[in-house]
Structure formats: structure tokens, C-alpha cells
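Subject: The structure we talked about, with notes

Dear colleague,

Please find the structure below, and keep it open beside this message while you read. My notes on what was found follow after it.

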Amino acid sequence: MEATVILPILKKKLAFLSGGKDRRSGLILTIPLCLEQTNMDELSVTLDYLLSIPSEKCKARGFTVIVDGRKSQWNVVKTVVLMLQNVVPAEVSLVCVVKPDEFWDKKVTHFCFWKEKDRLGFEVILVSANKLTRYIEPCQLTEDFGGSLTYDHMDWLNKRLVFEKFTKDSTSLLDELALINNGSDKGNQQEKERSMDLNFLPSVDPETVLQTGHELLSELQQRRFNGSDGGVSWSPMDDELLAQPQVMKLLDSLREQYTRYQEVCRQRSKRTQLEEIQQKVMQVVNWLEGPGSEQLRTQWGIGDSIRASQALQQKHEEIESQHSEWFAVYVELNQQIAALLNAGDEEDLVELKSLQQQLSDVCYRQASQLEFRQNLLQAALEFHGVAQDLSQQLDGLLGMLCVDVAPADGASIQQTLKLLEEKLKSVDVGLQGLREKGQGLLDQISNQASWAYGKDVTIENKENVDHIQGVMEDMQLRKQRCEDMVDVRRLKMLQMVQLFKCEEDAAQAVEWLSELLDALLKTHIRLGDDAQETKVLLEKHRKFVDVAQSTYDYGRQLLQATVVLCQSLRCTSRSSGDTLPRLNRVWKQFTIASEERAHRLEIAIAFHSNAEKILQECPEEPEAINDEEQFDEMEAVGKSLLDRLTVPVVYPDGTEQYFGSPSDMASTAEHIRERMKLVNLKRQQLRHPEATITES
């Protein structure tokens with residue numbers, strides 16, 4: 001009997017199991033009678049349902065029935081007690097009839113139950129509500145009888161409905177799952193799939209049923225339905241009422257069958273997934289070995305210029321783009337296969353590994369070809385780029401060599417020569433780089449045949465090799481021609497550097513000679529204070545003249561060298577018409593000035609020598625007293641020297657130049673005059689010695 005069938009009767013609470021127990025651990029069955037007439041049929045149905053809940057073990061302990069007659073009449077109570085004999089005669093141990101405050105006729109009631117005791121099979125006692133604790137502990141009595149046990153009939157009824165629904169759903173689900181699982185274990189593969197197709201989905205969701213069972217079991221495993229110790233009801237469906245073992249048994253069976261069901265679903269899903277993977281693998285393999293390989297077979301050229309190589313690269317990128325879509329499918333398939341391999345199903349391992357190996361071999365081979373082709377085109381692009389740069393460098397170098405050299409000075413020639421050497425060095429580096437790039441490209445082309453899938457690529461490779469070698473040979477020839485022209489230009493420029501250097505040095509020699517002349521006229525003005533000093537000055541003057549002579553000779557040699565270089569270079573030297581006349585003019589001026597300087601020093605030596613000789617003679621020597629000629633000679637030399645100091649140096653062009661400043665000449669003349677006065681004084685002393693003594 002299910003609670004849902006008699007739900008309206010159960011809601012009337014004609015009887016209930018509160019969960020309380022007597023002192024013999026027997027269950028307490030409570031029958032609360034009311035003022036209204038109790039329907040005995042409904043009560044009988046209620047009792048039948050309630051007594052079907054406990055286990056046989058619980059029933060063997062007997063029931064204590066509490067008939068609450070406080071709100072009913074004696075004849076109703078009697079009828080209920082007698083009905084217990086028919087409903088549960090063997091299970092009832094004690095019937096406690098709770099009497100009302102206005103007690104029934106004691107004699108009648110006592111006599112009645114005492115007389116029927118043997119026939120009823122259980123003891124019936126009349127007791128007031130406050131004396132009920134003599135037979136049952138207060139904690140096992142509900143609040144209606146002064147106990148502390150709280151009982152919520154609707155809460156119990158709702159949980160009972162949940163329990164019965166779970167029992168019904170789980171039993172039905174177990175039958176369906178068993179049918180599905182047993183069908184998958186029998187027959188051949190076609191019968192198995194047909195059975196799975198017909199009975200694959202159960203009528204209820206197993207997860208929902210399991211969740212309901214777990215929640216129900218969780219409540220059953222608690223002592224009370226609603227958590228805390230105070231104000232909650234005892235569970236009427238504990239282990240003694242058989243609810244918990246039933247739920248646990250059903251859950252175990254459900255989990256077992258559901259696990260088998262999941263495995264059946266997994267096997268079917270795996271087989272479907274494996275078939276899909278096989279289909280996709282063949283699609284990838286067929287495309288890569290078909291259209292994909294055909295695209296690569298038609299692409300073997302490397303181009304003959306940067307633009308051509310770039311066009312081939314763009315075409316290759318389009319091919320790679322098409323391949324990348326299939327490679328993405330390969331990655332996805334590889335992950336799916338790896339996941340299936342990790343599942344560890346031995347029956348599919350061989351097939352999965354074979355698919356994975358086939359897919360990997362084809363994809364890696366195609367990817368290697370794409371990468372090889374990309375590297376080859378990149379190498380060709382770099383080769384053509386280096387060749388183009390080198391060609392531009394050679395064009396620039398050739399243009400520089402074809403322009404005639406017309407530098408303004410030696411520094412610009414040096415700069416031009418340095419630039420020429422740098423360009424030639426850059427060409428050498430570029431040619432070396434071209435050779436390296438070309439050799440690397442040739443090495444790659446030599447390996448190209450291994451990717452040809454049987455296609456003869458000899459013609460294509462020969463064209464590429466001939467093109468690469470032709471470019472390198474052409475660049476080598478152009479570079480050799482430029483080197484020859486650079487050698488000629490270098491020799492010419494070095495000669496021009498030497499020419500400018502000779503012209504600069506010759507001009508410098510003129511400047512040096514001019515500086516020597518200027519120094520001679522402005523600083524070489526002293527004639528000495530005595531003969532010895534004048535002789536030293538004359539010796540220094542001769543060395544000074546030797547230096548000027550060397551400078552003049554050096555300038556003449558440089559100018560002669562410029563003439564030779566000009567003849568070699570077939571150009572007109574500016575020095576022969578400008579520097580040489582200036583050199584000769586300055587040298588002539590220096591020669592006149594130096595000779596004048598030498599004459600003055602020689603006269604000064606003679607003057608100082610005669611003066612010193614006269615001034616040093618003693619008066620006791622008679623031969624010196626009458627030597628008038630010596631005084632006259634000295635005086636003539638002094639006057640000649642003074643006259644010469646006032647005379648300028650006259651150059652061939654008529655220009656005049658004095659030694660030193662007028663003050664310098666005046667100082668020198670004053671010194672000579674002082675010397676002459678001393679000599680005259682000496683002369684007078686020699687003529688009139690007495691007058692000199694008297695004055696003394």
C-alpha cells in the first residue's frame with residue numbers, strides 16, 4: 001500500500017507512529033480519538049499502513065498502543081480496543097487508554113477489559129494523562145501527554161511520500177537500467193547497437209534520482225529530521241523502521257547499474273568518436289597527399305630578382321595559408337587521439353596509434369616541405385638583395401672613377417682617395433657576402449631533389465644554379481674592372497697629393513725665407529761692444545746665412561719636383577709661375593741684406609780692434625806717441641761705419657729697407673761715437689802729457 005493512495009485518510013491523523021518507544025523498546029502507536037465519530041474503516045486502513053512500515057524485528061518487540069479517549073466516548077474507545085484484536089493482535093503488548101477527567105463508570109470499564117483480557121491477547125489499562133509516565137518515559141511521549149517528544153504529522157507524511165516516491169522511481173529506474181545494460185552485453189555488435197538505440201535513454205534522470213536518494217539518506221542518518229536537539233521530532237524512518245537500509249540498498253544498486261550504464265554510453269560515444277576521427281584523418285591525409293602536394297610540385301623556381309622572389313614568396317604564403325587550415329584540424333585530431341590513448345582502452349590502442357602515426361607522418365612531411373620551400377625562397381630573396389646592393393655599390397664606384405679628378409688641394413685629394421678606398425672595401429665585403437649567400441643557396445638547391453616525390457627537378461635546378469653562378473661571376477668581373485680603374489686612379493691621386501705637397505712645401509720655404517729676411521732686418525742689428533763680441537755676431541750671422549741657403553735650396557728642389565709631376569700628370573703647375581719668382585725675389589733680398597750685415601760687422605771688427613789697440617798702448621812707449629796714422633785710420637773707419645748705419649738696404653726692385661728701427665740705429669751710432677771720443681782723448685794725452693799732468 002502506498003501513502004499516495006490513502007493520502008486523504010493519512011492527513012486526518014487517525015493514528016500515527018511518533019517514533020517514541022516503551023521501556024521494552026517497542027514502538028508506540030498513538031490513536032488520538034476526537035469528539036467526532038471516528039470512521040473505523042479509515043482507522044483500519046491507517047493502522048494497516050502504519051503497521052506495514054516497521055520491520056519484522058521491530059514488530060516482534062510488540063507495540064504499546066495509546067488510545068487517547070479524553071475527547072471521545074467509552075463505546076468508541078471500546079470499539080477501537082476491540083478492533084486492535086483484529087488488526088494487530090500479535091504485535092500489541094500493551095494498550096494504554098487515556099481516560100478523561102470525567103471518568104467513565106469504573107466498574108463497567110474495569111470489568112469489561114478484565115473479562116476480555118485472555119480473549120484480546122494483550123493487557124489494557126486505564127490511565128490518566130499525568131499517570132502515563134509510569135509506563136512510558138516522558139521523553140518518549142508527545143506533548144499531548146505531557147512528554148517532551150515533538151511530532152509533526154505533516155512533516156512525517158511529506159517525508160514518507162518522498163521516501164515512497166524514491167523507492168518507486170529507483171525501482172523502476174533499476175529495471176530500465178538493467179534492461180539497457182543486459183542488452184548491451186548480449187548478441188553481436190549490430191544487435192547491441194540496435195538494443196542501445198531502442199532503450200538508450202531511461203524514463204527518468206538517474207542523476208536526479210540519485211540526488212534525491214542521497215538527500216533522503218542524509219536526513220535518515222540524522223537522529224532528528226530538523227537538526228537541533230530542541231523542538232524537533234524523532235525520525236519515524238530510522239534504521240529500526242527499515243527506511244535507511246532500504247534507501248542505502250537502493251542507492252547501491254542504482255550506483256552499480258548507473259555506472260554500468262555510463263560505461264555503455266561511454267563505449268558507444270567512444271566508438272562514434274573513433275569513427276569521426278577516422279573520417280577526419282582520412283580527409284586530412286587525402287588533401288595533403290593530393291591537392292596539397294600538387295601545389296608544392298609546381299613551385300620550384302627562385303626568381304631572377306628581388307621582385308620575382310617576393311612574388312614567389314607571396315604565392316607560397318597563399319599555399320601555406322591553405323595548409324594551415326588542415327594543420328589546425330591535425331592539431332585538434334591529435335589532441336582527441338591523445339585523450340583517447342590516455343583513457344587506456346587496450347582494444348582501441350592499436351587502431352588509435354596507427355591513425356596517429358599515419359596523420360603525423362603525412363603532416364610532418366608536408367610541413368617540412370613547406371618550411372624547406374620557405375627557407376629556399378628566403379635565401380633566394382637575400383641573395384638577390386645582396387646582389388642588388390653590390391650592383392649599386394659597383395655602379396657608384398664606377399661613376400666616381402669616370403669623373404675626372406679636379407681637387408682644390410691635397411686634403412680634398414686625400415679625402416677623395418679615402419672615400420675611394422672605403423667604397424672598394426665595401427665592394428669586397430659585399431662580394432664576399434654574395435658568395436656566401438650564393439653558396440648557401442646552392443647547397444639548399446642541391447638538397448631540393450629529396451622533396452620532389454619522384455619528380456625530376458634537374459632542369460629546374462640547373463636553371464637556378466646557372467642563374468646564381470652567372471650573377472656571382474658577373475659581379476666578380478665588374479669588381480675586377482673597378483679594381484683596375486681604382487689602381488690607376490690611386491696612382492694619379494697619390495701623384496697629385498705629392499704635387500700639392502711639393503707646392504705647399506715650396507710655398508712654406510718662401511715663407512720661411514721671408515721670415516728669415518724679416519728677422520735679419522729687425523733683430524740682427526747689434527754690432528757688438530768690442531771686437532770679440534762682434535766676431536761672435538759675425539759667426540752667428542754666417543750660420544744664419546747657411547740656414548737661409550738651405551731653405552732656398554730646399555724650395556728650389558721642391559719646385560723642380562713639381563715640374564716633373566706636372567709633366568707626368570699632364571697638368572700646369574701654378575708654382576712655376578708664382579712660387580719660383582717669389583722664392584728668387586726673397587732670396588735676392590736676403591742675399592743683399594745679409595751681405596750688408598756682414599760688411600757692417602767686418603767694419604765694426606776693424607773699428608773695435610783699432611780702438612782697443614790704441615786705448616791699450618802705454619805712454620812710456622815713444623814709438624806710439626808719434627803714430628798719427630793709426631789714429632787717422634781708426635777715425636776714418638769709425639766715420640765709415642757711422643755713414644753705413646745711415647744708409648738703407650736697396651733691393652733690385654728699388655725698394656729700401658733699414659736694419660732695425662731709427663732708435664736702434666741711433667743707439668748703435670752713439671756707442672761708436674763714445675768709442676771715438678775715448679780714442680781722441682787718448683790722442684790728446686799723448687800729444688800734451690804736461691797739460692794732462694797739471695790738470696790732474
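Does Lys 639 count as buried, partly exposed or exposed, and at what relative accessibility? Before I come to that, please bear in mind that the model is predicted, and that every value in this message was computed from it.

**The protein as a whole**

The protein has 20 helices and 7 strands, and buried residues make up 42% of its 696 residues. If we take the contacts between residues at least 6 apart in sequence, 81% of them join residues at least 24 apart. A search of the whole structure also finds 23 salt bridges, and a few of these are described below.

**Helix H18 and the opening question**

Lys 639 lies in helix H18, which covers residues 628–645, and Glu 635 belongs to this helix too, 4 residues away, or about one turn of the helix. The side chains of these two residues meet in a salt bridge, with 3.5 Å from N to O. As for the question I began with, Lys 639 counts as partly exposed, because its relative accessibility is 46% and a residue has to be over 50% to count as exposed. Glu 635 is also partly exposed, with a relative accessible area of 22%. Elsewhere, salt bridges that share partners join Asp 428, Lys 479 and Glu 483 into one network.

By class, the contact of H16 with H18 has 11 nonpolar, 5 polar and 5 charged residues.

H18 also packs with helix H19 (residues 662–687), at an angle of about 165° and with the axes 10 Å apart, so H18 and H19 are again roughly antiparallel to each other. H18 passes H19 in a left-handed crossing. The residues of the contact of H18 with H19 divide into 11 nonpolar, 2 polar and 7 charged.

**Helices H10 and H11**

Another pair of helices can be described in the same terms. Helix H10 (residues 243–297) and helix H11 (residues 306–343) pack at an angle of about 155°, and their axes are 10 Å apart. That angle makes H10 roughly antiparallel to H11, and the crossing of H10 and H11 is left-handed. In this contact H10 contributes, among others, Ile 277, Trp 287 and Leu 288, and H11 contributes residues including Trp 326, Phe 327 and Leu 333. The residues of the contact of H10 with H11 divide into 13 nonpolar, 8 polar and 2 charged.

**Two further salt bridges**

In helix H7 (residues 153–184), Lys 165 and Asp 169 are 4 residues apart, about one turn of the helix, and their side chains meet in a salt bridge of 2.7 Å, N to O. Lys 165 is exposed, with a relative accessible area of 52%, whereas Asp 169 is partly exposed, with 21%.

In helix H14 (residues 458–523), Asp 518 and Lys 522 are likewise 4 residues apart, about one turn of the helix. Asp 518 forms a salt bridge with Lys 522, in which the closest N and O atoms are 3.2 Å apart. Asp 518 is partly exposed at a relative accessible area of 36%, while Lys 522 counts as exposed at 55% relative accessibility.

Note on methods. Residues numbered from 1 in each chain as written. Predicted model: local features only at pLDDT ≥ 70, side-chain atom pairs only at ≥ 80, totals over all residues. Heavy atoms only, no water. Axes fitted to C-alpha atoms, helices over the stretch in contact; angles between N-to-C directions. Helix = DSSP H or I, 4+ residues; strand = E, 2+ residues; numbered from the N terminus. Parallel < 35°, antiparallel > 145°, perpendicular 65-115°, else oblique. Left-handed = near helix turned anticlockwise from the far one by under 90°. Contact = heavy atoms within 4.5 Å. Nonpolar A, V, L, I, M, F, W, Y, C, P; charged D, E, K, R; others polar. Salt bridge = Lys/Arg side-chain N within 4 Å of Asp/Glu carboxyl O. Buried < 20%, exposed > 50% of the residue type's maximum accessible area, 1.4 Å probe, protein only.
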